[in-house]
Structure formats: structure tokens, C-alpha cells
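Dear colleague,

I am handing over the structure below, and my notes on what was found in it follow directly after. Please read them with the coordinates open beside you.

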Amino acid sequence: MTTQILSFKVAGQLCGIPALDVHDVIRGGQRLTPVPRAAPAIIGILNLRGRIAVAVSLRRYLELQDAPRHAAGMSLVIENAGNLYCLAVDSVGEVLSFEGKAGPVPPVLDANWRKVMSGVWPCGDALLAQLDIRGMIDALCVPQDEQMPAGTL
Amino acid sequence: MDELMQEFLTDTTEKLGALDLDLVRLEKNPNDAELIGRIFRLVHTVKGNCGFLGLPRLENVTHHAESVLSQYRAGTVPVTTDSVSLILQSLDRIKGIVGGIAETGVEPAGDDRVLIDLLDRETASCKSMPEAVNAFSAAIDDLSAKSLRIGVDTLEDMMTLMGELVLARNQLLPHMRGELHQPLHRLDKTVSALQQSMLKARMQPVGNLWGKLPRIVRDMAIDLGKKIRLDMAGGTTEIDRQVLELIRDPLTHLLRNAADHGIEKPALRVTRGKSPEGVILLSARHEGGQVVIDVADDGRGLDEAAILQKAIENGLVPATRGRSLTASQVQQLVFAPGFSTAAEVTALSGRGVGMDVVRANIEKIGGTVELSSVAGKGAVVTMRIPLTLAIIPALVVKTEGERYALPRSAIREVVALKRGGAHQMQRIDRAKFLPLRGQMVPLVSLQTVFGADELAPRALNPFVVILHVGGGGVFGVICDGIATAEEIVVKPLSPALQRLRLFSGNAVLGDGGVVLILDPSGIAREANIEPAPKPVAAEMTMLAGNGRPALLFRAGAGSDRAVPLEYLSRIERIDMSTVQNTGGRRVMAYRDGLLPLIAYPGSTPTGKRQPVLVIRDGDAQAGVIFDSVLGVVDALPDVALKLESGSGSLGSALAEGQAVDVMDAPWLIRRAREGLMHDHPDIVI
């Protein structure tokens, strides 16, 4: 079985998601309307050809430092349950083909990485982390009250 | 579920809705052969579909119902209330089964034997049973060719694309010159026309909602032992389908109220000289960009005594004030939150069960509800509802460089806070207020609600937008400035943002930027502020003895004076030499007319220029000459020491720790208009 993965980088790490899940790739630096009180990973909303998409920063989701200001970055447009999301990453690479099944997520990883990873592919002398973008979006959609145990606010 | 089944379910549900309406008409009009034919055909079609979709239970029920109907059509069985009830019962069963299929994809289990026995007995009660059933299978509803069913998703997609087209058009318009002028002008026109027809495509006649109502009224009439006719007018009035869904419950509620509390029992109606059959009139019309829906009945009207008693019991009005309320003030009490609770419905024979909820629901979508009633003659409830929620007029405000939209329907007014201006913000601890026409309106800064630092730099001349909140109450949001006022196409928030109670949706602006739409009640909740009561409610607070706003002033010697602000229209400074004496009256030219003048009783103004309070009571107004303004009190309590009428003063009340003399404004206005009277030598100018 061949799996087509669109590769991209975030904070130097090679990542990927199934190419068929990606609607579009757009340049970063689009005008975003910030959403006060939204989850930290949600960096704003934007107009994508008449539809309103939610922009999510992968760096913020992974609790990494923001990219330097001059780096425009790229965004992957993903549709989930009829809604558009823009996943902001550092750079986008090629579509890679892999045979077989992805390797399991190593348990030694940082918890933030583990919660978004669904598998690992060997890629030359590097490893490609396959991300579970839909799981990540679903997690963002869960009401905050349910995400946090009582008393944390 | 396959497409065929889906189609069948949609079609059947729609047809069943139409059947309700026809059956109620049938009961009134048993000899209408055309009507019987139509009902028969509908049931027959449902039955026919069951066969090839493999729905044996549904087929069985429809088959027996059809047999009874075919006799009505042949005229062999008289149509009685009982027989219509039987058919309605069968239809309910059919609906139940169809609903079950829609949910689970298979026929729900159940036993229909009792119902089928009843149907068979009805069939057997006639001598012959016509076998002409099959003749009708050829009769196909030819209406279907004129309309087309489109999925709501498709329509929404088209709206989105439309929005994009409008945006592209807006960006092209600045280049409308030279050889591009003609084609761009045409494009502009076409796009506008297209947008209009797109909006029209979302519209549905209000009548679609009304289809189920005759059945509800009929069932209630039978339960209550009343005779009720439901008349409907203006069912073709079109309204956005989304709005239609949202007014379904309030409308049903009003209708139930009218049938239950409004219409009297037949015997009572006859003794009152009315026809034994009560009438509820439901009408809809377009008026000024809104849809107006009236629910009128010719019943007993509101029982004001019962409402008042109930309001006193619930502590909404102190017992001592009850008598001084006018009929219309009493009627408005039914909208007060907490006026009625479900447990007390039967105890109260007046109207107003859950009216606060009806009002809150209608106000939530930017509409209004009014009520009027004449004792013994009936009541009318009028709802004004926006045509659509998809495109709303909005005010776009700025805060910290970002734009946010506020629905115009929620805005009461906009106030500029300028240094040294007429309106100044007041603080109590960290809470902010704006005194506005005698009300202390609580304020909240958008920056604070958004979680920004309280000390962040602020605009020099901020604006306050005063907002209504559903169910009554106003508060103000402080923003840095106003960007634009425009019509926006509202889109629902992404699920990732739906937990944010501050926003009700988002929209693309004319320049392509995206804005969040602020939700007034969400902001009030998040900011934890208690909105100031609305005028009607304010009146009730006043009745509850909390006082009313008043102006304090000085006139002559003696204690300070007070005039309730409700009577005060202006304060003017006049040149006394322009005052003329005619027929024992002192008058002056004032705004295209004459203003009768009077000095405050017990004072003798001597200045060349004197301040004048222009007071008003209904249409009558007069000027009261006084000396100086002392200030405003928010809550002047009731007069504690009353004076007899005819002195120009109601008596004394306690304001800010001292006794003030409260002006009897209506009496002074009458006196000024009548002129000097010799038996009141103390009133001298």
C-alpha cells in the first residue's frame, strides 16, 4: 500500500500529513483577524475566497516558540466537517510516497508531540512525523470546560 | 440510508404536514368532495411508496386509513368529529413510524391492532365499499413540476459564492472609468440583482409554518370544550427560513395562550352576546423591512385584576401601588420576567403564561413583541420580526486596532465620551457607569472583556455603544471608535470558536476583511455586569418604591424644589421683556407657538433674564420661572408629607438627606394655561 504524504517543517522537525487531506497550500502573512479569548493555538480567522477559515499555529499548538517575525511561513488549508482550517507551518516540502505502514510513535517523545503524532516514517537519514490533524482540530473544538479539570481557572 | 428512502421521508413528512390542514378543514366542511379527494390521494401515495420501499407496518396502517377515506370520498360514511379524530390518530401513528425510520433507518416496532380495529369498524359501518381505489393512482400531483427541491447546503454554498462575487465587484468599482465603465456598470447592476434573487431563494412563505397550527387549535378546542375557529391571512408573506424556525415556538405559545386563556366557553360567550364560536385571527404582512405577525382573539381580553393580584403576590408591584397603575401598565406586567411559572398556570385565569420567554426569544433575533387588550373584547399580540438573519445591518466598531461588528438591532444609541463633553463616565470602585437620562447605565470596556491589560493605552475620545439585552436591560460597551456601518452576511462560527460566548458569528466585510460579531448578552455575562432595566422595567422599579429621577432647583425662599424628570422637556433662559400679558395670562413666543408662563408658587422672580423649566404633561406644556438649578437625583422617593391638591406642590420628599418640595407639574401646567385666578393671590408673577 502506498501512502502519499505532504511534507512540511515546523521548528526544524520534518512532519507530514496525508496529501489528500490538504485542500490547498497558501503563503503565510495573510491578514488575520485575532479572536480574543480563543485557545492559544488559534491565531485568528481569515477570508479564504469568501469562506471564513480558522488559522491554527502548529508551533503554538506544540507549545514551541513563535517563528521569527520575518519568516512568512506557509499554511496548509484543511477541511474538517465542512469547516476550513489553515495550519500555519514554517515551510512546505514535496509530496513523498511511502510503502507499508507507519511506525509507532516512540513513547520517549515530549507529550505535546505525542498528542499530535499518529506515526513515524523513515525518510532518508531523517524521520518524518505523521500528524493527526483531524484529531488536533477535534481537540480544539472541545469546549474548554471539558478540557480542563475543575478548579484550574 | 439510500437516496430513495431519504426522498420518501422528506416527501412524506411534507405531505403529512399538509394533511393536518386539510383534515381540520374537512371537519368543518364534510361535503367538500375536492378536499376529500386530495386527502385520499395523499394517503394513497404514501401507501404506494411503502410497498416498494419495504415498510410493511406503515403500509398496513395507511391501507386501513385509506379504506375509511375512500368511503368519505364516496359519501357512504358521514364525516363526524369522531371520524376526523380517528384519521388524525392514524396520521399521528404514521408520523411516529416515519419519524422512527428517519432516526434509525428501519421501521420501529409497535402494535397497531387497536387502531386498525377502530378503522375497520368505521369501514364496516357502511354498506358498500367502493373498489375504485386504483383509479386514483393515476392522479399525480401536477404541482410538483413547478418547484424544485434544493438542499440547504447548496443554497448556502451559493450564498458564499455570491458574497465572493460581491467582494470582487467592490474591488473593481474604483476602476470604473474609460472603456471599462460600461461593462463594469452592467456587472454592478447584475451582481446586485443576483444578490437579491439569492436572498429571495432563502425565503419561505410564513404559511409553511402555519400548516400545523389548525390542528393544534382544533385539539385544544376539543380538550377545553370550546369552539374555536382559526382564521389565517397573509400566509404568503415571505420570511427567511432560518427566522421561520426560530419563531415557531413563540407563535405556538401565543396561539395556545389565546385558545386557553383568551377564548371563553361557548355558554359564557353566548351570555356575553358573542357568537358561541371564538375566533383567533393569525395574520402576517411586510412592513418597513420587517414581517409583522398579529395573533388576535375575540375572547375575554386580559384579566387585569388577576394579573395585578399575581404581580403583587410575586412581589413585582407593591400592594400599595397597585391601584394607581393604568390598564396598559398592568397588561405590560405579563412580560415581566418571573411573572408566571408553569406550576401556577392553572391558578391564574389571566394571560401571560411564559410571555417573558416569548419576548426574550423574539428579542434575541432582533424583533419586538407588543400586546394590547380590551376587557371583554379580546387581545392582540403583535410580533415584529426581521426578514432575515443572514444579512443584517451592523455597526463596525474599533478597539485596539481591530474591528468588531455589533448587530444594529441590539443597539439603542451611541454616545461619544469627550473630555468636557455632555456625557461623562462615572466610577464606583472599578465598576464604570454612564448617567443617561436619569438611568445609571453600567459600562464595560471591550478591552477588558477581551482580557487585555486594564492599563493598556486608551483612545482619547472613546465611544459608548448602548446595547439592549434579551429580556430587557441595557448596558454600554466602551470602544475606541466607529469604523463603518454596513450590511454584513452573517456566518456561523467555526466549531473551534463556538465555546466563546462573546461572539455570535462572523462575517466578511465589504473590503474583504473578516470581523467577529459581538453577542451583547454574552458580553454582559462574561463581564459579569447587571444590565440596567429597560424603560418599562424602570417604570416598575419606580413603582416598587425605589424612586424616580428628578431635577433639584431653587425658586424663591424656603426649601429646595424638585421636578420629576419625566415632566421636564427643557431648561431655557428667557429675557423677561419678551413676556407678554394677554387675557390674564403671561405668555412668550416659543418654537412656533406660545408658551404660557408661571412663577413657581411662593416665588417672585425679579431678574431681567430668568431660567425657565419647560414642563410637559401629554400635549400640554408650560414654562415655570425659577432661580437656579441645583442638580439631579437618580431616585427621588415618594412624597412623604402630602399636601392637598391645588397648591402647585405635591408635598415634601427626602432627597439627599433633606426635605424638598415636589412640584405638582400637571396642576401648574393647567394653572399657567388658565391664567391668574383671583382666589390664589399667592401665585403672582
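In this predicted model, strand β9 (residues 402-407) of chain B and strand β18 (residues 514-518) of chain B run parallel and are joined by two bridges. Within that pairing, B:A405 has B:I517 in β18(B) as its bridge partner.

Elsewhere in chain B, helix α3 (residues 56-74) and helix α4 (residues 81-104) have axes that come within 10 Å and cross at roughly 160°. Since angles over 145 degrees count as roughly antiparallel, α3(B) and α4(B) are therefore roughly antiparallel to each other. The crossing in which α3(B) passes α4(B) is left-handed. From α3(B), the residues B:R57, B:L58, B:V61, B:T62, B:A65 and B:V68 meet B:I87, B:S90, B:R93, B:I94 and B:I97 of α4(B); by class, this contact has seven nonpolar, two polar and two charged residues.

As for the contact between the chains, 22 residues come from chain A and 23 residues from chain B. On the side of chain A that touches chain B, β4 (42-48), β5 (51-57) and α3 (133-141) of chain A each supply at least two residues, and the largest share, four residues, comes from β4(A). That side of chain A has 13 nonpolar, five polar and four charged residues.

With best regards

Key
Residues are numbered from 1 along each chain as its sequence is written. Chains are lettered from A and ligands numbered from 1 in the order in which they are written. This is a predicted model: local features need pLDDT of at least 70, side-chain atom pairs count only at pLDDT 80 or more; totals for chains, interfaces and linings use all residues. Two residues are in contact if their C-beta atoms, placed from the backbone, lie within 7 Å. Ala, Val, Leu, Ile, Met, Phe, Trp, Tyr, Cys and Pro count as nonpolar, Asp, Glu, Lys and Arg as charged, and the others, Gly among them, as polar. Axes are lines fitted to C-alpha atoms, for helices over the stretch in contact, and angles run from 0 to 180 degrees between N-to-C directions. Angles under 35 degrees count as roughly parallel, over 145 as roughly antiparallel, 65 to 115 as roughly perpendicular and the rest as oblique. A crossing is left-handed if the near helix is turned anticlockwise from the far one by less than a right angle, and right-handed if clockwise. Two strands pair if DSSP finds at least two bridges between them.
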